[in-house]
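Here is a short briefing on one protein chain. Look at the model first, then work through the points by topic.

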Amino acid sequence: MYQFFVDENQVGRDFITITGSDVNHMKNVLRMKEGEKIRVSSSAGQDYYCRVTELTDEFVQADILDACAPDTELPSKIYLFQALPKGDRMEYVIQKAVELGVYEIIPVSMRYCVVKLDEKKAAAKVKRWQAISESAAKQSKRSLIPKIHPVMKYTDALTYARNCDINIVPYENEEGMASTAEMLKKIRPGKSVSVIIGPEGGFSEEEIEAVREDMDIISLGRRILRTDTAAISTMSMLMLYLEGI
């Protein structure tokens with residue numbers, strides 16, 4: 001069953017109106033027909049099962065069959081602060097993190113980041129990254145599309161992260177998994193969690209010292225992980241823990 005997202009004002013009492021690029025995708029790519037069932041999520045986070053009743057060049061109308069309780073979201077909001085990686089690894093991180101339940105992703109420029117983006121390039125990248133987030137949200141039947149923020153400086157990212165209840169910093173020089181297990185016990189449904197992932201070159205000493213007093217610096221095991229692997233490993237760990245509470 002295909003998944004689509006709409007603004008709350010597109011949801012009527014008995015039907016939903018789908019507009020924009022999804023119309024062409026439904027008609028000419030998916031070649032959908034009247035009578036087919038789809039899943040639709042509104043910007044308010046409500047999920048609906050619908051049946052397509054009309055397809056035009058401007059809109060698709062789908063009758064609401066049932067409103068269902070969201071069941072694909074984690075019980076805590078996870079904010080992933082990802083240091084800018086080289087190549088297309090950011091696209092991979094976004095796709096997999098969305099599938100694993102991330103709430104927002106914040107690209108971060110750090111001292112040892114290989115990639116340096118000017119304002120124009122960064123804006124173009126964020127637009128593409130947001131499209132990848134939407135595609136992954138549809139594929140994984142999410143109830144919302146995780147927001148991809150504009151690239152932040154490290155200091156600004158820390159300020160934003162400290163709005164969360166719990167802050168996690170996986171660090172390659174941290175030893176022992178006991179503290180990681182203890183950190184997980186702090187997380188309860190409804191608590192927000194920030195995860196700060198360093199770049200290929202690792203955190204600088206100054207960057208680690210800036211979080212040592214008020215954030216949980218943890219180990220992800222005895223092996224050194226690539227930045228994209230560290231992000232996905234942490235998201236997988238959090239998903240497993242939160243969905244097992």
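Predicted model: local features only at pLDDT ≥ 70, side-chain atom pairs only at ≥ 80, totals over all residues.

Ser133 lies in helix α3.

- Is Ser133 buried or exposed? Ser133 is buried, because its relative accessible area is 0% and the cut-off for buried is under 20%.
- Apart from neighbours within four places in sequence, Ser133 is in contact with Ile94, Val98, Ile145, Pro146 and Ile148.
- Helix α3 covers residues 119–139, which makes 21 residues.
- How far apart are the end C-alpha atoms of α3? They are 30 Å apart, and this agrees with the span of 30 Å that 1.5 Å a residue should give.

**Lys138, a charged residue in α3**

- Lys138 has its place in helix α3.
- Lys138 counts as buried because its relative accessible area is 18%, and the limit is under 20%.
- Leaving out neighbours within four places in sequence, Lys138 is in contact with Gln3, Phe5 and Asp22.
- Lys138 and Lys191 are 53 residues apart along the chain, and their C-alpha atoms are separated by 25 Å.

**Nonpolar cores**

- How many residues are in the largest nonpolar core? This core has 57 residues.
- Leu80, Ile168, Ile187 and Ile196 have the most contacts inside this core.
- Helix α7 (residues 227–242) gives the most to this core, with 7 residues.
- A second, separate core has 15 residues, including Val11, Ile18, Met26 and Ala62.
- Take Leu80 as a case from the largest core. Residues up to four places away in sequence aside, Leu80 touches Val93, Ala97, Val102, Glu104, Ile105, Ile106, Val195, Ile197 and Ala231.

**Leu100, a buried loop residue**

- Leu100 is found in the loop between α2 and β7.
- Is Leu100 buried or exposed? Leu100 is buried, with a relative accessible area of 15%.
- Its contacts beyond four places in sequence are Leu74, Ile232, Met235, Ser236 and Met239.
- Leu100 and Tyr171 lie 71 residues apart along the chain, with 21 Å between their C-alpha atoms.

**Salt bridges**

- Side chains of opposite charge can pair when their charged atoms come close.
- The count comes to 14 salt bridges.
- Asp214 and Arg162 form one of them, at 2.5 Å from N to O.
- Why does this pair tie together separate parts of the chain? Asp214 sits in the loop between α6 (205–209) and β12 (216–218), and Arg162 in the loop between α4 (154–161) and β10 (166–170), so the joined parts are 52 residues apart in sequence.
- Asp214 is partly exposed at 42% relative accessible area, and Arg162 is partly exposed at 35%.
- Asp216 and Lys186 meet in another salt bridge, at 2.8 Å from N to O.
- This pair links distant parts of the chain, since Asp216 is in strand β12 and Lys186 is in helix α5, 30 residues apart.
- Lys186 is partly exposed, at 41% relative accessibility.
- Glu182 and Lys185 also form a salt bridge, with their closest N and O atoms 3.1 Å apart.
- Both residues lie in helix α5 (residues 178–186), 3 residues apart, which is about one turn of the helix.
- An α-helix has 3.6 residues a turn, so residues three or four places apart point the same way.
- Glu182 is partly exposed at 47%, whereas Lys185 is exposed at 53%.

**A nonpolar surface patch**

- Which residues make the nonpolar surface patch? Met1, Tyr49 and Leu65 make this patch of about 280 Å².
- Leu65 lies in strand β5 (residues 60–68).
- Leu65 is partly exposed, with a relative accessible area of 40%.

Note on methods: Residues numbered from 1 in each chain as written. Heavy atoms only, no water. Patch = residues over 30% accessible without salt bridge, like charges linked within 9 Å, V, L, I, M, F, W, Y side chains within 5 Å. Areas by Shrake-Rupley, 256 points an atom, 1.4 Å probe, with all protein chains shown as cover. Salt bridge = Lys/Arg side-chain N within 4 Å of Asp/Glu carboxyl O. Helix = DSSP H or I, 4+ residues; strand = E, 2+ residues; numbered from the N terminus. Buried < 20%, exposed > 50% of the residue type's maximum accessible area, 1.4 Å probe, protein only. Core = buried A, V, L, I, M, F, W, Y, C linked by side-chain atoms within 4.5 Å. Contact = heavy atoms within 4.5 Å. Expected span 1.5 Å × (residues − 1).
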